[in-house]
Amino acid sequence: MPQMDIGIIGMAVMGSNLALNMADHGFKVAAYNRTAILTKEVIEKNPNKNMTGFYTLADFINSLQHPRKIMLMIKAGKPVDMVIDELLPYLDRGDIIIDGGNSYFEDTIRRHAFLQEKDINYFGVGISGGEKGARFGPSIMPGGNKNAYSQIQPILEAISAHVGSEPCCTYIGENGAGHYVKMVHNGIEYADMQLIAEAYLILHYIGGFDNKKLSQIFHEWNEGELHSYLIGITADIFAEDDPQGGQVIDKIIDSAGQKGTGRWTSIQSLKQGVDISMITAACNTRVVSNLIDDRQRAANEINIPTCAKNLPDNFIEEVRKSLYVAKIIAYAQGFSLYRSACKNYNWQLNFAKIAAIFRAGCIIQAEFLNKITLAYEKNENLSNLMFDEFFLDNINTNQSSLRRIICLAVNNGIPIPAFSNALQYIDAHGSPKIGANLIQAQRDYFGAHTFERIDKPGTFHHEWQEHYSK
Ligand code: NAP
């Protein structure tokens, strides 16, 4: 008689911790991993009456109650297609496959359509929170067939992070919507991290503050409106001593990698024609950080200004305000991409609920997300988060700090691509002129692309004269 409520394939970091989380919540979990030794190790290390290891796919599948619920927590990409192919001969109509990995949402759309023809329900579920989140409560973004969602909802909600009694898990939309929302979440995470890194550079190289002081500054910021997981861990990082002397932060190479979700977000924004310049800047900065030899050469051959130490009054507070206003723009950009996806993929994304499930469990969890939920609850048709009264007030109050801090960083040769792009975004929207009249004229000049006029409707072409360009 099948006993198990759910089965998880993939007993690496994420799968094993999610399995233990489910078992703690009273669900009977079948655990399976391609390489059997890993399953054995996880079970031996974490004895739990609700969790059982299986060592053949047949035994694993036969242990599951109908309709079977099988969660894949494996490496994204080809392995997911391979495992689906292996599972299919064993499955019955109505069974459910849940892909909880970081799959590309277009793969999820394809797999969903393929499995729908076989009457298998396929869910692409974004899960954020890393190892700790998986074990004790991640933020969960499920996408798939709405009618089948009720079958997996109790498990996903129980294991998710909670704010009070509210689970950080909500049905996102059809097919790839859950993985899409997770992808953009990661893009916002890239921008958030880049902004914090830039605040660090400004405080350290212009302000001259040491790691102890930086830890104190970030700790204080974490007590106020910037309260968030990323600011909290940043305060911890600066406080961490290296057993070999000094602090760990100063021993780490100034070069960061990326796995792809930020880049995917950026590519999507270009395809959909949405400006998410801060997320793209964050990806590009990681790319440049890897060019160790070129950076060394440029440092030797380009005369970058050295840091002068004449700080404005309230320097730390000015950096804090700049960070806050730039963070608003990063989220405004990310949520604009969500809005655009609704049109492009025919999803009805609920922006207020998306912000609400990011409030705990995930990497970008922050006080600030309550404000985003409130903004979209007030007006679900808000064309841009910047136009909500709270955010608009904040931009108007703090933009002068952002301008001053950007000038200071630029004059001192400190790279601040995310701060600068935040201000460019504000100015591109807010300035009465953006220069597109000249762009239209140039396009018409060299390609007869026509232009529109301010004084009458229609499209026009002008016979441009070669006054100076011969
Ligand atoms: P991972 O390192 O991404 O993948 C390792 C797991 O995939 C192992 O269980 C491995 O089995 C399995 N696997 C690889 N190729 C396979 C194949 N062809 N057939 C069957 N199984 C295969 O594991 P992870 O870090 O736990 O992440 C799991 C998923 O969650 C990934 O999609 C990841 O991107 C996503 N995710 C990770 C995090 C995080 O913080 N780590 C956070 C959110 C989401 P073997 O032991 O047999 O090789």
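Mentor: Before we start, a quick definition: a residue is buried when its relative accessible area is under 20%. Keep in mind, too, that this is a predicted model.

Trainee: Is Ser 322 buried or exposed?

Mentor: Start with where it sits: Ser 322 is part of helix H14. Leaving aside neighbours within four places in sequence, Ser 322 is in contact with Ser 401, Leu 402, Ile 405 and Phe 419. Its relative accessibility is 0%, so Ser 322 counts as buried.

Trainee: Which backbone oxygen does the side chain of Ser 322 reach?

Mentor: A polar contact needs a pair of N or O atoms within 3.5 Å. The side chain of Ser 322 makes its reach at 2.7 Å, and the backbone oxygen there belongs to Glu 318.

Trainee: Let's hop to helix H1. Is Asn 17 buried or exposed?

Mentor: Asn 17 is in helix H1, residues 13-24. Setting aside neighbours within four places in sequence, Asn 17 is in contact with Glu 131, Ala 134 and Arg 135. Its relative accessible area is 11%, and because that falls under 20%, Asn 17 is buried.

Trainee: Now the ligand! Which helix gives the most to the shell around it?

Mentor: Two helices, H1 and H4 (78-87), each supply at least two residues of that shell. With three residues, the one that gives the most is H4.

Trainee: And how many nonpolar residues does the shell around the ligand have?

Mentor: The ligand is surrounded by 21 residues, and the closest are Met 14, Asn 33, Arg 34, Thr 35 and Asn 102. Sorted by class, six are polar and three are charged, while the nonpolar ones number twelve.

Trainee: Last one: what distance separates the centres of domain 2 and domain 3?

Mentor: The domain assignment gives domain 2 as 182-430 and domain 3 as 437-470. Taken over C-alpha atoms, their centres are separated by 39 Å.

Definitions and conventions
Residues numbered from 1 in each chain as written. Predicted model: local features only at pLDDT ≥ 70, side-chain atom pairs only at ≥ 80, totals over all residues. Heavy atoms only, no water. Helix = DSSP H or I, 4+ residues; strand = E, 2+ residues; numbered from the N terminus. Buried < 20%, exposed > 50% of the residue type's maximum accessible area, 1.4 Å probe, protein only. Contact = heavy atoms within 4.5 Å. Near = heavy atom within 4 Å. Nonpolar A, V, L, I, M, F, W, Y, C, P; charged D, E, K, R; others polar. Domains from an automatic or database assignment. Polar contact = N/O pair within 3.5 Å; in protein donor to acceptor, adjacent residues only side chain to side chain.
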